[in-house]
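The structure comes first, then the text.

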Protein chains: 2
Amino acid sequence: MATAVSIDIGGTQAKLALVDEQGAISARRHLDTRACRKLEEFVAGLFAEVEFLLREAGRTSVDLEGIGIGAPSCNEFEGTIARAANLPFDAPYPIRHEVESRFRLPTRLIKDSSAAALGEHLFGGARDMTHFILLTLGTGLGSGVMVDGRIVRGGTGLASEFGHSLVDPAGRECGCGRRGCLETYVSATGIVRTAFALMAEMKADSPLRRRPFAEMTAEHLFEAARAGDPISREAFARTGRTLGIKITDLIVALEPQAIFLSGGLATSGDLLLAPTLAAVRQHELPLLKNKVQILQSELGAHDAALLGAAAPILHQQKVTLS
Amino acid sequence: MATAVSIDIGGTQAKLALVDEQGAISARRHLDTRACRKLEEFVAGLFAEVEFLLREAGRTSVDLEGIGIGAPSCNEFEGTIARAANLPFDAPYPIRHEVESRFRLPTRLIKDSSAAALGEHLFGGARDMTHFILLTLGTGLGSGVMVDGRIVRGGTGLASEFGHSLVDPAGRECGCGRRGCLETYVSATGIVRTAFALMAEMKADSPLRRRPFAEMTAEHLFEAARAGDPISREAFARTGRTLGIKITDLIVALEPQAIFLSGGLATSGDLLLAPTLAAVRQHELPLLKNKVQILQSELGAHDAALLGAAAPILHQQKVTLS
């Protein structure tokens with residue numbers, strides 16, 4: 001069966017796998033991105049992992065079609081990665097060309113959030129949809145947009161940065177250099193910031209009060225919220241409300257059939273989904289009342305981008321990149 | 001030359017014209033929408049005006065290809081108009097079918113804001129662009145979005161309601177039943193509301209203080225601002241700032257090549273454009289710094305939608321409706 005090497009480059013890990021055209025994943029590998037302090041280290045490590053997968057593919061005699069790469073802050077048109085937070089790239093690195101010449105296989109580069117949307121479209125809850133948006137709530141907030149069966153890339157491939165839409169121009173400092181971007185509120189790091197603001201605002205006792213900021217994660221909030229901690233629960237409620245209100249802007253702009261929530265924070269289930277949905281229904285345009293579904297990704301937190309990154313190689317006929 | 005009857009239905013007037021494939025307009029007609037209190041009156045008046053244009057076309061022997069209709073709050077997929085503010089429609093009226101059967105000519109219905117975007121694409125400043133957004137600042141705020149050469153219509157034809165994106169969920173009452181929609185701040189009516197809020201906030205003398213709310217128009221503010229009135233100038237400054245900040249959300253979502261401002265309020269030139277542009281440049285994502293142009297429509301305040309409404313008839317090969 002037609003198979004590709006799929007690479008999902010993230011701030012913590014680069015995940016690699018053999019992915020076949022039906023979405024089955026075999027022979028996973030990974031590389032610890034944070035351990036690579038220089039570009040050369042990262043590239044050498046990545047190439048070694050690709051070598052392993054190529055040998056594995058040869059051993060199992062799969063029909064290898066090429067290499068698909070999903071990455072944050074990449075330029076799909078030029079095939080480069082640059083200025084990604086947590087990645088050791090300063091100047092644009094021509095990753096598509098370098099991988100293609102090294103391994104002599106067709107190589108495609110796509111934004112990680114667009115890859116995740118393609119994964120959801122091919123193998124997840126958006127299988128029958130041609131208009132939808134997928135939001136990935138991880139360290140930041142990524143977005144992939146499909147309009148009429150095509151992934152929206154923008155004039156020069158830089159569209160779909162919904163995490164940097166503005167909640168409050170005078171709000172929280174963002175890694176992008178501005179203030180008040182949505183991902184400073186709605187993401188695994190954003191909800192931790194909210195929890196600390198709530199520890200200042202509320203007076204309830206909470207297990208959160210015994211853990212420093214630098215050691216707090218969204219998982220701690222999730223566990224505390226499930227145990228009934230009022231501050232954690234309020235943090236999820238506010239995060240959902242902020243997300244829901246911004247989602248109504250996406251709805252009036254694009255009228256998708258559905259908006260999917262993916263990524264670690266989205267797996268917290270109703271803790272986040274319920275207040276998000278409530279805010280959408282409260283604030284959406286009456287003309288569009290209840291028309292747009294708010295759904296959890298069917299692909300779990302981690303594999304949508306890995307599945308979708310291979311799509312431009314394995315599903316060229318179905319994947320129209322606008 | 002191939003010619004169509006073009007109809008632009010608005011809350012004040014329905015404008016009709018013969019439009020040829022090169023964008024030349026002849027034989028204009030209009031119907032006072034506000035004088036029609038019932039659907040039957042409006043339809044009878046509209047049909048009479050179309051009859052006039054058909055006779056005119058016959059007299060000048062143009063090759064009549066069909067009838068294109070642009071209208072607010074219409075359902076393009078079903079060919080109906082419903083619930084449009086200021087129009088005498090309650091239940092959905094199947095205008096496409098009714099016009100087509102009555103005049104036995106191919107008839108197309110398109111949202112007025114999408115028609116305006118098509119007009120700008122075919123005959124205005126977006127001639128060489130495939131990714132752009134046109135915002136029409138009239139009584140409300142309309143939006144037309146082109147992504148990769150195709151007008152965005154949404155899952156059921158209800159996309160592009162950017163005027164109802166939220167500035168402040170607790171803000172001004174909107175005709176849609178909610179609070180804080182962009183068009184309650186940025187439109188001909190929104191800027192008047194801002195001027196009245198400023199008369200409360202500021203203490204400067206102003207000619208505005210001698211005119212009641214019910215008689216104030218954006219034109220009065222424009223004239224006063226040009227004469228140096230500080231309240232009118234501040235109203236334009238705040239309107240531009242509010243618009244500019246929301247435009248940065250459109251930019252991160254879609255990365256258009258340009259955003260065009262059209263409609264009566266946009267013809268105020270630098271009074272509005274300068275603060276809008278300043279706010280965009282101040283608040284836009286560093287990654288997209290200066291990439292997206294903010295431009296005035298090249299088609300003037302009134303003819304973009306009329307030119308574009310005929311496009312689905314006259315330019316089928318160029319106009320891909322997604």
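In this predicted model, the side chains of Arg153(A) and Glu76(A) form a salt bridge, with an N to O distance of 2.6 Å. Arg153(A) sits in the loop between strand 10 (150-151) and helix 4 (188-201) of chain A, and Glu76(A) in the loop between strand 5 (74-75) and strand 6 (80-81) of chain A, so the pair links parts that lie 77 residues apart in sequence. Over all chains, the structure holds 32 salt bridges.

Side chains of opposite charge can pair when their charged atoms come close. Between chain A and chain B, the count is four salt bridges. One of the salt bridges between the chains joins Lys246(B) to Asp249(A). The table sets it beside the pair described above.

| Salt bridge | N to O distance |
|---|---|
| Arg153(A) and Glu76(A) | 2.6 Å |
| Lys246(B) and Asp249(A) | 2.5 Å |

Polar contacts between chain A and chain B amount to 24 residue pairs, counting those with both residues at pLDDT 80 or more. On the side of chain A that touches chain B, helix 6 (residues 230-254) of chain A contributes the most, with seven residues. Sorted by class, that side of chain A has 16 nonpolar, twelve polar and eleven charged residues.

The size of an interface is often given as the accessible area lost when the parts come together. Here chain A and chain B bury about 3,400 Å² between them, and 61% of this is on carbon and sulfur atoms. In chain A, the residues that lose the most area to chain B are Leu158(A), Glu255(A) and Leu287(A), which together make up 15% of what that side buries. The contact draws on 39 residues from chain A and 39 residues from chain B.

The structure holds three cavities of 30 Å³ or more, and the largest cavity has about 100 Å³ of space. Which residues line the largest cavity? From chain A they are Phe162(A), Ser165(A), Asp249(A), Leu250(A), Ala253(A) and Leu254(A), and from chain B they are Phe162(B), Ser165(B), Asp249(B), Leu250(B) and Ala253(B). Helix 6 of chain A and helix 6 (230-254) of chain B are the elements that give two or more residues to this lining. The largest share, four residues, comes from helix 6 of chain A. By class, the lining has seven nonpolar, two polar and two charged residues.

Methods: Residues numbered from 1 in each chain as written. Chains lettered and ligands numbered in written order. Predicted model: local features only at pLDDT ≥ 70, side-chain atom pairs only at ≥ 80, totals over all residues. Heavy atoms only, no water. Contact = heavy atoms within 4.5 Å. Buried area = accessible area lost by both parts, 1.4 Å probe. Polar contact = N/O pair within 3.5 Å; in protein donor to acceptor, adjacent residues only side chain to side chain. Nonpolar A, V, L, I, M, F, W, Y, C, P; charged D, E, K, R; others polar. 1 Å grid on protein atoms, 1.4 Å probe; cavity = no way out; pocket = protein on both sides within 12 Å on 5 of 7 lines; lining within 4 Å. Points joined across faces, edges and corners; volume = space filled by probe spheres on them.
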